[in-house]
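Subject: Structure for your review

Dear colleague,

Please find the structure below, followed by a summary of what was found in it.

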Amino acid sequence: PRPDPTLHTTKTGGVIFVQDNRISIWSVGDLGNVGLNGEYQGEPQLLCDIRHNGDVMDMQFLDQERIVVASSTGTVTVFHHHQNNQTLSANQRWEKAHSHVDQDTSCGGAACTGVICNNPEIVTVGEDGRINLFRADQKDAVRTIDNADSSTLHAVTFLRTTEILTVNSIGQLKIWDLRQQRNEPSQIFSLTGDRVPLHCVDRHPNQQHVVATGGQDGMLSVWDIRQGTMPVSLLNAHEAEMWEVHFHPSNPDHLFTCSEDGSLWHWDTSTDVAEKPSFLHQGGRSTTYFSHNTINQSVVSAWLSNDPTKDRMEITNLIPNQTLSVNSLDILGPCLVYGTDAEAIYVNRQLFA
Amino acid sequence: TPLQRMSPSTTWRLIYLQVFEARKEIRETGYYTAIKSVNPSRVFVVRKDQDIYIQTLRKLFNESHGIFIGLQRSEEELAGKSRKAQLVQVSKNYRSVIRACMEDMHQAASKFVSILSAMELIWNLCEILFVEAAAAGPLLLRLLDWVRLHVCDVDNMVREVLSSENPSKHELFWNVVDVFVLQGRMDEARHLLAKEASANPTSVNMYKTLDDLMKKMPVPSLGNTQTLTEMELKWQHWHEECQRYLQDGTFASNSHMESICKILLGDEDAILEKKELLATWYQFLVTRLLYSHPTVKPMELRFYAQSSMDLFLGGESSPEPLDTILMAAFEFEMHQVIKECSIALSNWWFVAHLTDLLDHCKLLQSHNLYFGSNMREFLLLEYASGLFSHHSLWQLGVDYFDHCPEYGRVYLELHIERIPLNTEQKALKVLRICEQRQMHEQVRSICKIMAMKALRNNRLGSALSWSIRAKDAAFATLISDRFLKDYCERGCFSDLDLIDNLGPSMLLSDRLTFLGKYREFHRLYGEKRFSEAAKLLLMLMTAHIAPCSFWMTLLTDALPLLEQKEVIFSAEQTYELMRCLEDLTAGKSDKQKFQDDDVETMKVEMLRLALARNLARVIVKEGTLEGS
């Protein structure tokens, strides 16, 4: 096995793939170690894997070594990746973190659909409309909001350290303040028109009021949560469910969405071509490269502008021969990783070449 | 036993358990049947052989799915050479997937490696004979490559000799030289012989002659540098030259070299002497062809193949399934090949994809089976059906059904409803597939199942979301009734986040509209916007949005509005209210009136009183001139 470090960051892991209900960790080599032509030599190497009970619905790195996984059985598990001997072990488990309330009359289990981490806090949401707040190494949930939503919660992300955003299957975006004891959202946003279910949500890394969501009709909605209760722009994107939306963590004028229709779109609102940033350094917390310089200021209006055609936005489908659904994607630096229903994982290491 | 006709390729294992109280869980997927006999509970559990779902085969299925789709979508307009080249490339792609899987499986089960190896062998031959349809000349070269690729029994020996310090002194030296000659690897043979030559200076002349002969041997060329006749002529001359040297006794002193010369002349006995080095009859066949009929025509193959097999096996052993299949290919009996493969291999993957490819090459006549669909479609349907019993490979099956014009749709409709929907995400994927193919029945059915599940789990928002997806007005009505029932029982609404934010989906069903509007009424009242609330309340009844059963509740809700200090309802509105009340009470039969308890009658009385009072006040108010 090669001594290449695994590709992961403290925020989101680019290299955890699910294969036949296993959690696997792969090495895709050094980020900076590209050959003369920029071509990466070799395939991703499987480092270790472990069985997982139920489908993996979502997962996130908690820190450099721990991964939180949401299961279709409603269980939330924390796995520990031991880097010295390349093994995985289940560290902690919250069984039935998500389940239907009345066990006697309930019909089937409730999957845990989304998980987000901000070490040591872990927030999960599920088909039972429940929100859980866990703390790593604490046996019981710190807080549980039962019936937070009458429909399924599809995804969750942090807005600020004490606030979260959730999206549900009746087209609502909700802000929850975890400091408050009441079990009501502090704000509710709705789609205009048909209440199409929302499947994914992501917040702009620098502009905290800019939020993007993806819906069942493949539409990308961008919201300004400082004002109004409706999205600022609606962009007709995919032909089927949009499963995930991600702002690029260090270069947020780039957005990525993937869909059931088998496509993965790269949304590029960067206006100045000459100023393309260089990404040939290790990933990690190094998001200070683009701190509040001119790039971001012009970008704010780009995402929130009502007319995306005015500000130049380039949209590219990164998949040439699409067949089956792209279920999940992640990005770090110049590296894009995505997985499809054809049981294949793709790694693109020169995203901005 | 009354078991159904089994597909010939799936193997069934009968496992019978003696169970006293049979409480086994029957899995919902797969083909499970329990046949209980009269005698002490014996449950026969019939299980499908699990080999199809081995881990590595999934890679085969997934990758070949991509190739299959690509082939179906490929340009049909390309004609002649370019189309053939395209089809050959597809065939090569399939084979490379098989080889990739072989490499993956190397560490694991060797049984499967040999099955894959056999598959690749057969496919490769079919590619040469059918897809590429190699003509005389190139045909031999292709067959030589084919044999070299697959007969690797001798590789270890070759490696051993080549890597030894003094190859020419190795005991297996001549074996290796023979192997090279038998496989037509002239350069390598000459290279080894040169080593021997330098060690034995006395026989230098002999070596030179043999080396010369081997160098000069004419082989068919791939390009158009010579015609077949030219090559045949050259070959004839060369053959005669070899003959002369043999008869002159040039090689008489060295038996090894003499036998090589005989091989070069195509002497069957000489070749057969090297049986262990040949390993298989088809290797023998190709060697024979190389040295006796290098310009063999495709249609002549069958004769040489049959005789080769007979000579090689010599009546000692009978042909194995693989041999039968290869023979059928040499005889250009495509249907026979497919049939034999179906029997020999335990899953449909191979025959389905191969037949599809051959069909695209326009090589299969529509061979009508008794239920009318053709062979290609039959095999694809069987393969895809097998995929559907797997919890995630079913998605591949969908695309295969799509490309079965006659029965694909029906099969899909039947299979897709039986996929277990253990998460909402899976249900959404299934729904998307159904919607894309206008399978409205299935959409309705799946949404109803999901909505019902949600309702049972008290997830009213989810239930509504599913009804909206299916545009199922009846279910939306059901959900609204649930809400209203809750309200009546508890006096307040549950799930306000849902009801307050219905948006245009409110129009899906009248009951849902009513629910939304009713909630709006409560909101308006809470915000003290009384006249708007009043108007809305009245509209709910007069426009018949409210169900009759709810009218009493609505009228009771009107009471506080009637009792307000300022007059809210106009005269017109009051008359409307009174009419509504009368409609309501008139509708009741005498018996019902008798059964009404005191509360009910009192309510009606109070309403009548309040309405009358309101009417009185409003008549006065409306009759009064402003400012006077």
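A salt bridge is taken here as a side-chain nitrogen of Lys or Arg within 4 Å of a carboxyl oxygen of Asp or Glu. One such pair joins the two chains: R469(B) and E241(A), at 3.6 Å from N to O. Between chain B and chain A, the count is 5 salt bridges.

The model is predicted, with local features requiring pLDDT of at least 70 and side-chain atom pairs pLDDT 80 or more, whereas totals for chains, interfaces and linings use all residues. Residues are numbered from 1 along each chain as its sequence is written, chains are lettered from A in the order in which they are written, and side-chain values use heavy atoms, without hydrogens and water.

Regarding the interface, 36 residues of chain B are in contact (heavy atoms within 4.5 Å) with 45 residues of chain A. The area buried between chain B and chain A (accessible area, 1.4 Å probe, lost on putting the two together, summed over both) is about 3300 Å², and carbon and sulfur atoms give 42% of this area.

Turning to chain B itself, 50% of its 628 residues count as buried, that is, under 20% relative accessible area with a 1.4 Å probe, protein chains only. Chain B contains 31 helices and 3 strands, which are DSSP runs (helices H or I, at least four residues; strands E, at least two) numbered from the N terminus. Of the contacts in chain B between residues at least 6 apart in sequence, 65% join residues at least 24 apart.

With kind regards
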